[in-house]
Amino acid sequence: MIVTGNLITNQIDTSELSFDDFKKIVLNDYRIAFESRQASLLGRKEVLTGKAKFGIFGDGKEVPQIAMAKAFKAGDWRSGYYRDQTFAFAAGISTIKEFFAQLYANPDVEADPASAGRQMNCHFATRSLNEDGSWKDLTAMKNCSSDISPTGGQMARLVGLAYASKLFRENKELNYLKNFSVNGNEVAFGTIGNASTSEGIFFESINAAGVLQVPMAVSVWDDGYGISVPAKYQTTKENISEILKGFQREEGTNGYEIFRVKGWDYPALCETYQKAIDICRTEHVPVLIHVTELTQPQGHSTSGSHERYKDKDRLEWEREHDCILKMRNWMIESAVATDEEITELEETAKKFVKDTQKEAWNEFLDIIRQEQAEVIKLINNLANGNHVLTKIASQLAATPDALRRDVVAAARKAIRLSLNMDNADRKALVKWYTDHVDVFEEAYSSKLHTESLEKPEDVAVVPAVYGENAKMIDGREVLNACFDTNFARDPRLLAFGEDLGHIGDVNQGFAGLQAKYGELRVSDTGIREMTIAGQGIGLALRGLRPIAEIQYLDYLLYALNVLSDDLATVSYRTKAGQKAPVIIRTRGHRLEGIWHSGSPMGMILSSLRGMHVCVPRNMTQAAGMYNTLFRSDEPALVVECLNGYRLKEKLPDNVGEFTIPLGKAEIVKSGTDITVISYGSTLRLVQEAAEELEQLGISVEIIDPQTLLPFDTEHLSVKSLQKTNKLLIVDEDVPGGASAFILQQVLEVQKGYYYLDAQPKTLAAKAHRPPYGSDGDYFTKPSVDDIIEAVYAMISDSNPSKYPNLF
């Protein structure tokens with residue numbers, strides 16, 4: 001009998017197994033399910049007794065997840081949600097000890113390899129990367145993309161994870177990528193709760209996968225509720241597979257294979273998953289497995305009780321249909337095991353889980369207890385009879401199971417209260433704290449970016465080269481030549497988006513490239529911004545280099561949840577265990593009308609920390625940034641100037657090789673009287689304004705940051721301020737948007753405040769979006785006239801006799 005350890009589940013093939021082998025597999029499956037239930041029960045207690053902050057568990061879903069894990073093979077991917085702990089245990093993706101380490105938020109990546117304590121429990125991930133950021137052999141692993149909490153959010157990236165298998169199978173140029181796929185045989189497994197199937201991102205993803213015909217297997221865990229809200233308020237007909245019948249494929253048509261199975265029926269679940277995943281894997285057909293009649297014995301989470309919203313009949317039904325109880329009864333009725341055997345297994349499993357929990361808790365506290373003892377000793381040495389300091393040390397000593405924050409808060413308070421003490425003991429305490437600042441930074445704030453051997457700052461800077469007879473061509477043609485050269489160089493590159501393929505995008509940046517490189521590499525998509533972004537994430541997680549196009553910057557809002565919740569946090573929430581170097585390409589600024597003139601840069605800057613935000617002023621600069629991004633491995637948003645595609649630019653001889661370093665600002669024009677910082681389309685207006693200001697005797701220095709994230713890493717802005725002592729920031733976001741961010745960077749981060757002799761100013765657009773028409777643009781966004789007058793007013797304030805008021 002198998003009763004302990006971290007064994008994974010195995011496939012059942014009754015044609016080849018002896019009864020004893022069959023019995024061992026079934027008992028092992030039951031053990032995994034039972035241990036998982038005990039982990040849920042014990043996990044809830046740990047939260048309610050204060051050891052953990054919050055808990056959400058997978059109780060009631062154990063048996064179907066065992067069946068799903070049987071079909072999950074090395075090379076496959078999961079994109080699921082926070083009910084999948086049994087699957088994680090059964091597939092070998094996580095262990096019960098790691099489960100508890102995450103519950104306690106242990107910041108040690110060895111203890112919690114999924115997130116190093118950065119995510120709440122039941123948020124799973126495997127580590128795709130080596131320590132240096134290079135890829136592991138993903139075909140030899142059972143892979144799990146890092147979970148996110150927003151329900152339904154896992155669906156967008158699932159599309160890309162599945163689409164990668166199609167590309168690996170059908171694009172023979174990718175055959176050399178041996179560590180990422182074996183002939184595209186990998187299935188992308190997705191899981192979602194029945195209530196979350198009401199979300200738009202679910203339907204968008206289901207439709208996208210049906211159109212693409214990719215090996216995506218979606219399991220819907222249906223327990224009849226979404227927290228307290230029953231299915232009759234969630235889903236038409238109270239049945240997601242019923243309303244998706246139109247997606248069922250028929251002879252000669254694309255579509256899904258849809259299965260429905262009861263979540264407590266172990267044999268039927270094993271049979272259903274084997275059949276469904278075989279079809280999905282071999283035929284590259286998406287499948288949906290609707291798992292019904294599930295329960296949730298402890299309710300939604302530790303923040304409430306399901307007894308508040310389920311009546312007695314429902315609660316009694318759930319007790320009778322608990323999947324573990326049903327499996328237990330089936331084993332006895334089928335003579336697979338006796339009640340005595342199962343009881344022995346259960347008692348051993350309970351002890352194993354309890355012992356594992358204690359071990360995880362003690363490991364979490366070990367380093368904190370060491371720090372606690374050090375700080376208590378240091379404060380007591382410093383106190384030397386001081387009652388206030390002695391009390392701080394005593395309170396810390398009396399705190400059972402102190403957290404790190406308790407230890408550090410005591411040290412910092414003691415340092416403040418001993419400000420007037422100048423002795424070796426205080427210096428020792430201060431040294432302890434300052435020595436640990438980097439430790440805390442590494443534990444809780446590191447790896448916003450992967451920082452691998454391929455990070456953008458390590459890409460060699462290659463200047464643009466122009467021959468004597470360099471052509472003057474449309475900006476769109478510069479981009480086209482850049483993309484063409486890079487697609488020829490790197491077969492991992494692919495691009496997709498609305499109108500991108502056949503017509504080469506609405507501004508012709510990809511004109512002719514689908515015909516040259518094929519529909520697998522340059523393709524059209526439907527109108528589905530969320531899954532365009534998610535498709536890029538999934539492909540990038542699997543080693544490809546996608547360019548996901550959002551047609552206009554205004555439409556980025558439809559994908560912002562995916563970019564902010566998922567892409568921007570991939571590196572941070574896995575502590576560089578995963579990376580997704582997708583480029584989101586879009587265009588914006590200076591068009592006319594409420595819906596096509598967006599410059600919501602402040603929103604982007606606040607939402608996308610963890611991504612690079614590139615704002616090139618022309619297409620040559622954009623090409624240089626793309627060349628850098630194609631050679632590095634971090635995600636980025638590139639906002640091209642919408643009104644720049646037909647402006648003439650000189651074509652570099654090395655259009656696909658020259659690079660522009662991210663974060664390096666450029667002095668576009670030198671000057672002595674005032675520093676003006678701007679970017680994108682507005683920068684051209686600043687340049688035009690500077691010409692007239694020169695005629696008025698005002699010398700303007702213009703700085704283009706080129707990227708907003710990162711911003712001016714060499715502090716060119718403050719160096720300019722040391723010369724001009726005046727600062728104006730011009731952009732077309734709303735007041736207090738990106739201009740406020742730039743102001744904070746220059747005045748606070750770069751300490752530019754010390755060099756000002758006049759109030760710094762910002763010149764932004766109006767608080768509303770521009771009305772339609774050229775007049776609407778002129779009167780609501782900064783114009784050349786606005787810029788001239790703003791600069792002149794600042795100079796006039798400093799020297800009114802030389803520069804009298806204009807008005």
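This is a predicted model: local features need pLDDT of at least 70, side-chain atom pairs count only at pLDDT 80 or more; totals for chains, interfaces and linings use all residues.

Colleague: OK, how many bridges join β17 to β19?

Modeller: Three, and the two strands, β17 (residues 666–669) and β19, run antiparallel. K669 has I702 in β19 as its bridge partner.

Colleague: And β18 with β19, parallel or antiparallel?

Modeller: Parallel, over four bridges, with β18 covering residues 674–677. There, T675 stands opposite E701 of β19.

Colleague: Is β19 mostly covered or open, then?

Modeller: Mostly covered: five of the five residues in β19 (700–704) are buried, meaning under 20% relative accessible area, against over 50% for exposed and partly exposed in between (1.4 Å probe, protein chains only). V700, I702 and D704 are buried on one side, and E701 and I703 are buried on the other.

Colleague: Switching to the surface, which residues make the negative patch?

Modeller: E688, E691, E692, D785 and E789. Patch residues have over 30% relative accessible area and no salt bridge, with like charges joined within 9 Å and nonpolar side chains (Val, Leu, Ile, Met, Phe, Trp, Tyr) within 5 Å. A salt bridge is a side-chain nitrogen of Lys or Arg within 4 Å of a carboxyl oxygen of Asp or Glu.

Colleague: Which element gives the most to it?

Modeller: α22, with three residues. Helices α22 (680–695) and α26 (784–798) each give two or more.

Colleague: Why does E691 count as exposed?

Modeller: Because its relative accessibility is 56%. E691 lies in helix α22.

Colleague: What about the nonpolar patch, which residues make that?

Modeller: Y753, Y754 and Y755, about 410 Å² in total. Y755 is in the loop between α24 (738–749) and β22 (761–763), and is partly exposed at 34%.

Colleague: And where's Q759?

Modeller: In the loop between α24 and β22 too. Q759 is exposed, at 58% relative accessible area. Q759 and D797 are 38 residues apart in sequence, with their C-alphas 9.8 Å apart in space.

Definitions and conventions: Residues are numbered from 1 along each chain as its sequence is written. Side-chain values use heavy atoms; hydrogens and water are left out. Accessible areas come from the Shrake-Rupley method with a 1.4 Å probe; for residues, only the protein chains shown count as cover. Lys and Arg count as positive and Asp and Glu as negative; His and the chain ends are not counted. The place of a charge is taken as NZ of Lys, CZ of Arg, CG of Asp or CD of Glu. Two strands pair if DSSP finds at least two bridges between them.
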